[in-house]
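Keep the 3D view open as you read.

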Amino acid sequence: MAIHTKFRLITYSPEIVDGQPIFVSSNCLPTKASKYEPAGHAFHSAARKLLGVQEDKNEADDKKVVDDKEQAYLPSDSYSSKSKKKSGTGDKQQDHYALLGLSHLRYLATDEEIRKSYRETALRCHPDKQAALLLGEETEAVKQAKMDEIESHFKAIQVAYEVLLDPVKRRIYDSTDEFDDEIPTDCAPQDFFKVFGPAFVRNGRWSVTQPIPTLGDDNTPLKQVDNFYNFWYSFKSWREFPHADEFDLEQAESRDHKRWMERQNAKMTEKAKKEDYARIRTLVDNAYKRDPRILRRKEEEKAEKQRKKEAKVLAKKLQEEEAARIAEEEKQRKEEEERRAAEAALQQKKVKEKEKKLLRKERARLRTISGPILSQHLLDISDDDVERLCMSLDIEQMRSLCENMEGKQVLLEQANVLRDALSTKKEVADEKTNQQNGNGSIKANGSASRSNVEKKDKPWNKEEIDLLRKGMQKYPKGTSRRWEVISEYIGTGRSVEEIMKATKTVLLQKPDSSKAFDTFLEKRKPGAQSIESPLTTREELEGVPTPVSSTNNTEDSHSKSTDSQNSASANGVSSSSEQDVWSAVQERALVQALKAFPKETSQRWERVAAAVPGKTVNQCKKKFALMKESFRNKKSAV
């Protein structure tokens with residue numbers, strides 16, 4: 001007889017197998033050896049297995065296969081408390097896994113294990129197999145009670161099988177199965193994985209997604225740790241919450257009553273789910289706060305952040321120091337440049353002042369030497385010619401000219417030297433003019449020199465003098481290229497030499513008081529009342545004839561007329577009593593002048609006195625005071 005060592009379902013006597021006892025082992029938990037031998041269909045099935053013939057599974061339970069386990073755990077409304085009946089002897093009071101011998105697996109048991117366990121339990125606990133137990137009973141009542149107990153136990157096995165094979169019913173039953181909802185709150189750092197690891201594994205049974213990630217250990221990469229906490233922070237549970245105090249919908253008295261029961265049951269279920277999610281969230285938060293890996297990463301991030309902050313502060317400090325150093329160097333450089341520039345300017349100023357001083361000395365020397373020549377009018381040399389030489393010659397040329405003139409003892413020879421210098425100056429000016437015009441003709445040079453001389457000798461009119469005064473006020477001393485700028489400001493083509501000469505001659509001349517009234521009439525506003533005065537000139541008013549000079553020099557004639565006027569006034573021709581007398585024409589002229597020149601006008605009284613014929617500044621002021629006092633007296637009398 002061949003012995004199949006792969007399947008040992010029948011117990012053999014020791015004599016059959018070499019007199020040695022048989023030890024049966026399996027990858028399953030050990031089961032108690034049955035005291036009964038298979039018979040009937042069970043014997044037939046055991047024989048087919050021993051022969052190696054596969055058994056065809058025609059049972060209806062074997063055809064029911066669940067392809068998607070995750071779909072079986074998803075919440076569904078197909079089964080709820082609507083069809084449950086409240087009973088004191090309900091399904092909750094029996095342990096389905098214990099009846100089928102699956103207490104060690106419970107919710108981990110697969111459908112195949114449930115079917116296999118059910119077959120073994122049903123075969124063992126079938127009433128027909130338990131009939132031998134009734135033979136030992138003496139009375140019929142005891143036999144009947146024993147039979148009812150056997151049948152009730154078998155029916156309970158069938159109910160457990162039906163519940164555990166139905167995914168929805170099994171989810172409801174597993175949700176009400178005994179479970180430890182406690183979560184750890186605190187632990188020592190070294191016991192973190194021992195305390196929180198089993199808690200996550202225990203609560204992972206409710207997860208829709210299987211398998212769940214593990215907590216790992218202290219050496220787990222941070223990426224897996226982040227995935228673990230991301231999974232639990234987005235945890236989805238399939239756990240149901242059928243409460244014992246739910247309303248039985250079959251006991252509703254009406255449709256409205258039934259709907260009200262449904263709403264109440266839904267509220268209690270939703271509340272229980274929220275509490276469970278809050279419990280899971282508390283578990284995850286407690287673990288995240290105490291996870292040594294997370295704490296270590298936070299410390300590293302904090303240290304890195306502090307390091308970056310310190311590096312940033314240090315870089316900013318270095319940048320500020322560098323900027324301060326550069327600014328200090330730039331400041332020192334500018335101060336050094338300013339100091340050098342100031343020293344150079346001071347040195348240049350000293351040189352210029354020295355040159356100016358020497359130039360003034362040489363000019364004074366030339367004027368002193370030329371004084372006798374000018375007084376005797378030798379060779380028609382005038383003051384303008386001497387001033388022109390003073391303005392055009394430099395120090396060396398002027399010193400050489402003065403030495404040549406001093407070397408001559410005769411005035412005529414000195415005059416010849418001076419005339420030669422003037423002619424040389426004219427020739428240089430002619431050459432410059434010819435170079436500018438680009439004309440090499442001698443005739444053209446002569447005409448250009450004559451026009452230049454005429455231009456230089458052209459007298460200054462009133463408008464040019466006013467522009468010159470304004471220009472000197474607008475461009476004071478120290479202005480770069482002052483005389484060129486003033487020349488451009490006048491705009492009449494005056495050269496720098498002419499302007500410099502005019503500042504020492506024309507501007508220093510006193511205005512001709514004889515024509516002051518006419519000037520006032522020209523400048524007054526149009527439409528103003530004209531003043532017809534028979535006193536056209538100061539000479540006619542005073543009755544003193546104006547001396548006429550026969551000299552061709554206009555400046556000499558002007559000086560002689562002024563001297564004659566001064567001598568006449570000194571001789572007592574016009575007395576103070578006559579000057580204090582105001583005619584009607586003079587009063588009208590004073591009033592018009594006061595209106596034309598308001599208080600804000602600069603040099604007001606000088607202009608008023610110039611506008612009133614025959615009156616001085618003091619006389620105009622006294623007359624104005626008398627007129628003001630008379631007006632006030634008349635006003636107070638009224």
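Leaving aside residues up to four places away in sequence, W232 touches F200, N203, G204, I212, P213, I280 and V284. As you look at these contacts, please keep in mind that you are viewing a predicted model.

Now zoom out from that one tryptophan. W232 belongs to the largest nonpolar core, which has 22 residues. Within this core, W232 is one of the residues that touch the most other members, together with F192, F196, F200, L215 and Y229. Which elements give two or more residues to this core? They are α7 (192–203), α8 (222–233) and α9 (255–290). The largest share comes from α8, with 5 residues. If you look elsewhere in the model, you will find another core lying apart from this one; it has 21 residues, among them I373, L389, L393 and M405.

Let's return to α8 and see how it packs against α9. Two packed helices are described by the angle between their axes and the distance between the axes. Here the axes of α8 and α9 come within 9 Å and cross at roughly 155°. Angles over 145 degrees count as roughly antiparallel, so α8 is roughly antiparallel to α9. The crossing of the two helices, α8 and α9, is left-handed. On the α8 side, the contact is made by Y229, W232 and Y233, while α9 brings in I280, R281, V284, D285, A287 and Y288. Sorted by class, this contact has 7 nonpolar residues, 2 charged ones and no polar ones.

Most residues other than glycine have a negative phi, and most peptide bonds are trans. In the loop between α7 and α8 you will find P211. The peptide bond joining Q210 and P211 is cis, with omega of about -5°.

Two further stops concern phi. R106 is not a glycine, yet its phi is positive, at about 50°. You can find R106 in the loop between α3 (96–99) and α4 (111–125). Q603 is not a glycine either, and its phi is positive at about 55°. The loop that holds Q603 runs between α22 (584–596) and α23 (604–611). Is Q603 buried or exposed? Its relative accessibility is 58%, and because exposed means over 50%, Q603 counts as exposed.

Definitions and conventions:
Residues numbered from 1 in each chain as written. Predicted model: local features only at pLDDT ≥ 70, side-chain atom pairs only at ≥ 80, totals over all residues. Heavy atoms only, no water. Core = buried A, V, L, I, M, F, W, Y, C linked by side-chain atoms within 4.5 Å. Buried < 20%, exposed > 50% of the residue type's maximum accessible area, 1.4 Å probe, protein only. Helix = DSSP H or I, 4+ residues; strand = E, 2+ residues; numbered from the N terminus. Contact = heavy atoms within 4.5 Å. Axes fitted to C-alpha atoms, helices over the stretch in contact; angles between N-to-C directions. Parallel < 35°, antiparallel > 145°, perpendicular 65-115°, else oblique. Left-handed = near helix turned anticlockwise from the far one by under 90°. Nonpolar A, V, L, I, M, F, W, Y, C, P; charged D, E, K, R; others polar.
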